[in-house]
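Here is a friendly note to read alongside the model. Please keep the structure open and look up each residue as you go.

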Protein chains: 2
Amino acid sequence: MERLPKRQRHQQLSKLLDENPFLTDRELTRQLKVSIQTIRLDRLELAIPELRERLKLMAERSYDSVRSLPLHEVIGDILDLQLDKSGISLFEISAEHVFSRSGIARGHHVFAQANSLAVAVINDEIALTASADIRFIRPARLGEKCIAKAYVRASGEQKGKAKVEVFTYVGEEMVFQGNFIIYRSAGESKT
Amino acid sequence: MERLPKRQRHQQLSKLLDENPFLTDRELTRQLKVSIQTIRLDRLELAIPELRERLKLMAERSYDSVRSLPLHEVIGDILDLQLDKSGISLFEISAEHVFSRSGIARGHHVFAQANSLAVAVINDEIALTASADIRFIRPARLGEKCIAKAYVRASGEQKGKAKVEVFTYVGEEMVFQGNFIIYRSAGESKT
DNA sequence: TAACCTTTAATACCAGGTGCCAATAATGGT
DNA sequence: ACCATTATTGGCACCTGGTATTAAAGGTTA
C-alpha cells in the first residue's frame, strides 16, 4: 500500500459522482477497479448516500425549489443578499463563456450575471426586467472572477417598478455598469 | 360496484401523485382504501411509473437544467445574415429559460439572443458589445418563438464603433427592443 | 347460466442497496 | 522476523419498492 491510493480513490470517487450522480456502485467498480465492497466502505467514509437516496435528494431539491427563492436560477453564486437593498454575486469566466479567438467573454454572460442579480435582489413574488441601460467598460477575460454588486436605488413598492444599479468588477477594475428598471408584482411579500 | 369508483379513483390517484410524487404504492393504499394490487393496476392503466422512476426523472430534469444554464455560444439560430446590414435569428423559449413559477423567460436569455445577433451581424474579426440600451416590452413565455431582427445603423468602419438596432418579435408582437453599440477591431475584413 | 370486469391474493423475481462477519492482503513499527 | 494495524475482498441474510404472472373471489350483465 502506498498510503495514498485510498485517498486518491476517495477524491476520484467524489469527482466521479459529482460529474455524474447517477452512477451505481457496480458502475463505480468498473471505473475505479476495486471491489464493490470497497466502494461501499468508501461511500460510508465519505458519507455519500446510495444512488436512490441521491436521486431522491435531487428530486426533493428540485421539487421544493419551485416554491423557494429563485437563487439557483441566478447566473453566478450569490455571496450576499439583502432584499430590497443590495446584493453581491460571483461569476467566474470559463471557456464556454468566451470567444475562442480572443478569450474575451461574450457580453450576454456578463449581462446575465448582472440581470439575474438585479432580479434576485428584489423582494417580490414576480420580478421582471423592464428595461436596462448598460455599458461594457472593459472586456472580461477567461478565468477572471467577476464580482457584481447591485444596489436598489428606488424600490418602488407602490409604483410597481424598482430601479437597480449594478456594477461588476474584476479586482479593482470595473468591467460593467448597468441601470435596470425591474417590474415587481406588488408590494413586498413572502417570508 | 358502482361502475364509477374506478375512474374516480384514477382521478384521485393522479391528483395525489401530482400533489406529492413521493408517495409509495403502500401509502396510496391507505389513502384510497384499496389493495396494493389495485393501485398497481391503476398505475399501469394510467402509465404512471413507479416511485423510483418518478424520482429519477425528476432528478434528471433538474440535473440537466442546471447543466444547460450556462448560455452557449450563439443564442438562437441564424436565419438570415447580411454582414454589416441586417440579420435575423430564431430562438424558442424552452423550460430551462423561464422562471418555473411564472413561465416567463428570464430577461438575459432574450437579451442574449439580441446581443449575439448584434455581434454576429458585424463583419469583423473581433466585435464586442460596448453598451446597450434595451427595453423588454412584454414578457416572452414558455414555448414562444422569438424572432430577432438586427439592423446596422452606422457601421463605422473608421470610427471603430458600430450601431446596431435589434427588435425581437413573437408573431406580430414586439417583445424586446435594443440599441447596441458594438466595438469593432478595425475596418471590415474576412470573407 | 355463462361471460365479463374488478378487485384481491399469492408467488417468484429484480435492482440496488445495508449490515455484519470473516478471510486475506499490504504496510508499518520495532 | 514478527506483530499490529489498516485496507480490501468475499459471502450471506435482509430490506424496499417495486414487476410479472397466475389464480381466485365477488358482483354485473346479457
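1. **Before you start.** This is a predicted model, in which local features need pLDDT of at least 70 and side-chain atom pairs count only at pLDDT 80 or more, while totals for chains, interfaces and linings use all residues. Residues are numbered from 1 along each chain as its sequence is written, chains are lettered from A and ligands numbered from 1 in the order in which they are written, and side-chain values use heavy atoms, with hydrogens and water left out.

2. **Chain A in outline.** Chain A has five helices and six strands. Here helices (H or I, at least four residues) and strands (E, at least two) are DSSP runs, numbered from the N terminus. Along the sequence they come in the order α-α-α-α-β-β-α-β-β-β-β.

3. Chain A has 191 residues, and 47% of them are buried. Buried means under 20% relative accessible area, exposed means over 50%, and partly exposed is in between (1.4 Å probe, protein chains only). The accessible surface of the chain is about 10400 Å², with 50% of it belonging to carbon and sulfur atoms. Such areas come from the Shrake-Rupley method with a 1.4 Å probe, and for residues only the protein chains shown count as cover.

4. **Contacts along the chain.** Take the contacts in chain A with a separation of 6 or more: 60% of them are between residues 24 or more positions apart. A contact means heavy atoms within 4.5 Å.

5. Strands β1 (residues 77-82) and β2 (residues 86-92) of chain A run antiparallel and are joined by five bridges. Two strands pair if DSSP finds at least two bridges between them. A:Asp77 has A:Leu90 in β2(A) as its bridge partner. Three residues lie between the strands of this hairpin, and A:Asp84 takes a positive phi near 65°.

6. Which residue of β4(A) is the bridge partner of A:Leu90? It is A:Ile147, and seven bridges join β2(A) to β4(A) in an antiparallel arrangement.

7. In β5 (residues 161-170) of chain A, seven of the ten residues are buried. β5(A) pairs with β6 (residues 173-184) of chain A over ten antiparallel bridges, and A:Val170 stands opposite A:Glu173. The hairpin has two residues between the strands, and A:Gly171 takes a positive phi near 60°.

8. **Who surrounds the DNA?** Around DNA strand D there are 17 residues, the closest being A:Arg9, A:Ser35, A:Thr38, B:Leu51 and B:Arg52. A residue is near a strand if one of its heavy atoms lies within 4 Å of it. The residues of this surface are five nonpolar, four polar and eight charged. Ala, Val, Leu, Ile, Met, Phe, Trp, Tyr, Cys and Pro count as nonpolar, Asp, Glu, Lys and Arg as charged, and the others, Gly among them, as polar. The largest share, three residues, comes from α3(A).

9. On the base side, a polar side-chain atom of B:Arg52 is 2.5 Å from a base oxygen.

10. A:Ala154 lies in strand β4 of chain A. A:Ala154 counts as partly exposed because its relative accessibility is 26%. Setting aside residues up to four places away in sequence, A:Ala154 touches A:Lys159, A:Lys161, A:Ala162 and A:Lys163.

11. **A buried polar side chain.** B:Asn115 sits in helix α5 (residues 107-120) of chain B and counts as buried because its relative accessibility is 1%. Its side chain makes a polar contact of 2.6 Å with that of B:Thr129. A polar contact is a pair of N or O atoms within 3.5 Å; within protein, one must be able to donate a hydrogen and the other to accept it, and residues adjacent in sequence count only if both atoms are side-chain atoms. Beyond neighbours within four places in sequence, the contacts of B:Asn115 include A:Gly107 and A:His108.
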